[in-house]
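Subject: Handing over a structure

Dear colleague,

I am passing a structure on to you, and my notes on it follow below. Please look through the sequence and the structure before you read them.

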Amino acid sequence: MDWFVGLQSWQQAALACTFTWAMTAAGAALVFVCKKVNGSAFGFMMSAAAGIMMASSFFSLLLPALESGGEYSYIVLTGGFIAGGLLIVLTDIAVEKLNLFSGDKSARSGAVTCVAVTIHNIPEGMAVGVAFAALTGGNAIISALMLAIGIGIQNFPEGMCVAFPLRANGFSRFNSFFIGQLSGAVEIVAGLVGALAVSFISQALPFALAFSAGAMLAVVSSELIPQSFEGGKIKATLGTVAGFALMMILDIAFG
């Protein structure tokens, strides 16, 4: 532990965010264990991913943004949330206009979902970087470490959230894993940025968190829930509730 304390803040942040990325990769790696997904399992996976993303947008993003938003937090959070949702809407429109993934609905859905989860991981990485850069004593480093551990644990099901729907949509195991882990790799860069630009990033963090929440909810509404309910309302509902409950437990216990 002493060697870690002796490192510079940006080095501590880089190592902590490498752990959070590794947890994302571990969740995505479960696609190598999973057999070929049938239609029924596909609907459940998509709905569970929707539940995970809904819980994450509230407990991991909006609540922390509200706590650090300051006097006009309602304006910052509302503006960020709407901007994040609009980004996904515009991304969806651009994909259609440019005829990307033409004729391949599953690839299009996977791409938009990956964009949303990646966006969501940026402010989380920044938060870890800011936590280490703002250290003021022994208790502070324990708090920063616990933040990184909590985010890492939450990232495990998020890696599944990207990789499993891709696998269910016909992507190869390797491609599903690669894209799933890649969505978490951005946290390493974001953590370094947060540590090196702590004063600016700490002020922008509430907006960034709300922005990510808006993007997540937009993807859940436009992509995951419609696809999951094609396989049956009851299974889709159970999957959404199960995914939300899992992420809620992890966020409350380790957030």
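Buried here means under 20% relative accessible area, exposed means over 50%, and partly exposed lies in between, with a 1.4 Å probe and protein chains only.

**How to read the model**

Residues are numbered from 1 along each chain as its sequence is written. Because the model is predicted, local features need pLDDT of at least 70 and side-chain atom pairs count only at pLDDT 80 or more, while totals for chains, interfaces and linings use all residues, and side-chain values use heavy atoms, with hydrogens and water left out.

The average pLDDT (the predictor's confidence in each residue, from 0 to 100) of the protein chain is 80, and 86% of the residues score at least 70. Confidence is highest in helix 2 (residues 9–28), at a mean of 91, and lowest in helix 5, at 75.

**The chain as a whole**

The protein chain has nine helices and zero strands, where helices (H or I, at least four residues) and strands (E, at least two) are DSSP runs numbered from the N terminus. Of its 255 residues, 46% count as buried. Among the contacts (heavy atoms within 4.5 Å) with a separation of 6 or more, 85% are between residues 24 or more positions apart. The accessible surface, from the Shrake-Rupley method with a 1.4 Å probe and, for residues, only the protein chains shown as cover, comes to about 11,700 Å², and 72% of that belongs to carbon and sulfur atoms.

**Two helices with a bend**

Helix 8, with 32 residues, reaches 43 Å from its first C-alpha to its last, close to the 46 Å expected at 1.5 Å a residue; the expected span is 1.5 Å times one less than the number of residues. Helix 8 also has a kink of about 45 degrees at L205, shortly before the proline P206, the bend being the angle between axes fitted to the seven residues ending at a residue and the seven starting there.

Helix 7 (residues 173–196) has 24 residues and reaches 36 Å between its first and last C-alpha, close to the expected 34 Å, and it bends by about 30 degrees at S183. The buried residues of helix 7 include S176, G180, S183, G184 and E187.

S57 is found in helix 3 and is buried, with a relative accessible area of 2%. Not counting residues up to four places away in sequence, S57 touches L62, A213, M216 and L217.

A131, in helix 5, counts as partly exposed at 23% relative accessibility. Leaving aside neighbours within four places in sequence, A131 is in contact with A144 and L147, and the C-alpha atoms of A131 and L147 are separated by 8.1 Å.

I141 lies in helix 6 and is buried, with a relative accessible area of 8%. The C-alpha atoms of I141 and F4 are 9.9 Å apart, although 137 residues separate the two along the chain.

With best wishes
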